[in-house]
Amino acid sequence: MATRIGRAELLAVGSELLVGETRDTNSGDLARELASLGVEVQRASALPDRLEPVADAFRSALERADLVVSTGGLGPTPDDLTREAIARVTGATPHVDPELEAWLRGLFERRGLPFIEANLKQAWLIDGATALPNPNGTAPGWWVELPSGKVIVALPGPPREMRPMWHDQVLPRLRAQGLGTDRAAETLRLTGIGESALVELVGEEVLRRRNPEVATYARVDALDVRISTEADGERTAAELLDAALAELLPVIERYVFARGDETWPDALGKRLAGRTVATVEIGTAGRVAALLGGAEWLVFGELLAPESALAEAHPDAEAFALRMREVAGADVGLAVRARERDGDMTVTVAVALADGDVHQVTRTAFLGGDMGRRRAALIAAAELWKRLGPA
């Protein structure tokens with residue numbers, strides 16, 4: 001009897017993942033997609049090319065999850081042990097499947113290459129397993145349905161092979177079986193507050209709840225707060241999410257500049273509402289342009305070295321912001337000046353609006369160097385967002 005897939009675990013097999021030679025991007029891609037489909041990913045593990053650890057990982061994952069997805073370990077060499085591990089856990093004996101063998105031999109024949117018998121390992125199957133075609137490589141995947149109704153999916157490690165197999169072969173099967181539970185989530189993107197200050201503001205009790213679950217993530221460009229809920233039998237996930245947002249937003253709304261996957265250009269574009277911006281940055285090495293440069297509303301950008309005659313002749317950021325409006329004919333002028341002092345970055349930001357109103361502030365960005373310059377750009381974006389006011 002098939003089990004509706006509500007919880008999953010991910011296993012990345014390959015010793016290269018544990019010595020830093022290769023990054024595991026597969027688990028992140030799979031986790032993101034499963035979460036969007038209402039499946040809770042409980043754990044993601046990286047494993048060496050050794051039979052016992054891999055078999056133990058499959059065994060323990062099957063005790064907790066409805067679905068176990070592995071990537072890697074499906075090659076023809078002795079250290080590719082994912083098939084052996086699945087066979088050990090299920091108590092099955094691998095055998096060479098005649099159709100897979102014919103397909104595999106045909107690949108080598110068409111390429112004019114000798115067929116080495118070690119490749120037959122890639123034609124293995126066990127009872128209860130279905131081969132997943134791999135048009136981009138020589139290692140078919142496995143779909144294994146257990147008597148308990150739980151499912152094991154074994155995918156190749158190279159992303160160019162894994163992703164098409166996942167989308168074309170696995171997801172249709174999972175959807176047919178019944179995928180996900182009633183879940184809902186919302187991500188709030190914050191600026192102007194750190195994680196420790198956020199904990200104090202909203203309280204540890206809120207951050208320790210299980211349903212709704214409120215989690216914080218310090219990103220490069222923002223502090224993200226993700227609120228996720230699961231239907232509890234009395235209320236739907238959407239109803240629980242609405243209630244959680246109604247409780248949380250009044251506390252943190254003044255720091256929320258975006259939602260979901262919105263970026264700084266997205267958030268500022270909403271507040272600009274058709275207006276244009278011209279910028280000048282001094283001492284930032286172009287970090288403001290890197291952050292905002294893709295925005296259609298950014299019509300002009302100027303970069304000055306701190307030692308340049310023009311930068312030294314006009315130390316007032318307000319004057320630069322006004323100049324940007326005039327030079328570019330933009331609705332808003334933004335000037336940013338960064339100076340490294342005592343290991344941190346002193347950042348002055350000026351915003352000149354169309355009505356002649358000019359605001360200038362000076363902030364300190366933690367750390368100097370490139371990190372300080374990146375944070376200077378974020379301070380500038382946050383100050384512009386604040387001065388533009390609600391959309």
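Which side chains meet in a salt bridge at 2.5 Å, N to O?

**Entry 1: ground rules.** I am working from a predicted model, in which local features need pLDDT of at least 70 and side-chain atom pairs count only at pLDDT 80 or more, while totals for chains, interfaces and linings use all residues. Residues are numbered from 1 along each chain as its sequence is written, and side-chain values use heavy atoms, with hydrogens and water left out.

**Entry 2: R64 and E9.** I looked up the opening pair and found that the side chains of R64 and E9 form the salt bridge at 2.5 Å, N to O, the term standing for a side-chain nitrogen of Lys or Arg within 4 Å of a carboxyl oxygen of Asp or Glu. R64 belongs to helix α2 (residues 51-64) and E9 to strand β1 (residues 7-13), so the pair ties together parts that are 55 residues apart in sequence; helices (H or I, at least four residues) and strands (E, at least two) are DSSP runs, numbered from the N terminus. I noted that R64 is partly exposed at 33% relative accessible area, whereas E9 is buried at 2% (buried is under 20%, exposed over 50%, partly exposed in between, with a 1.4 Å probe and protein chains only).

**Entry 3: other salt bridges.** My search of the whole structure gave 27 salt bridges. E84 pairs with K121, with 3.0 Å between the closest N and O atoms; E84 sits in helix α3 (residues 82-90) and K121 in the loop between α4 (98-110) and β5 (124-125), so this pair joins parts that are 37 residues apart in sequence. Both E84 and K121 are buried. I also checked K386 and E383, whose closest N and O atoms are 3.7 Å apart, and which lie three residues apart in helix α13 (residues 369-388), separated by about one helical turn. Here K386 is partly exposed at 45%, while E383 is buried at 4%. Finally, I recorded a network of salt bridges that links R7, E40, R183, R210 and E230.

**Entry 4: α6 against α8.** I then turned to helix α6 (residues 195-202) and helix α8 (residues 237-252), whose axes come within 10 Å and cross at roughly 120° (axes are lines fitted to C-alpha atoms, for helices over the stretch in contact, and angles run from 0 to 180 degrees between N-to-C directions). The contact, meaning heavy atoms within 4.5 Å, is made by L198, L201 and V202 of α6 and L248, V251 and I252 of α8.
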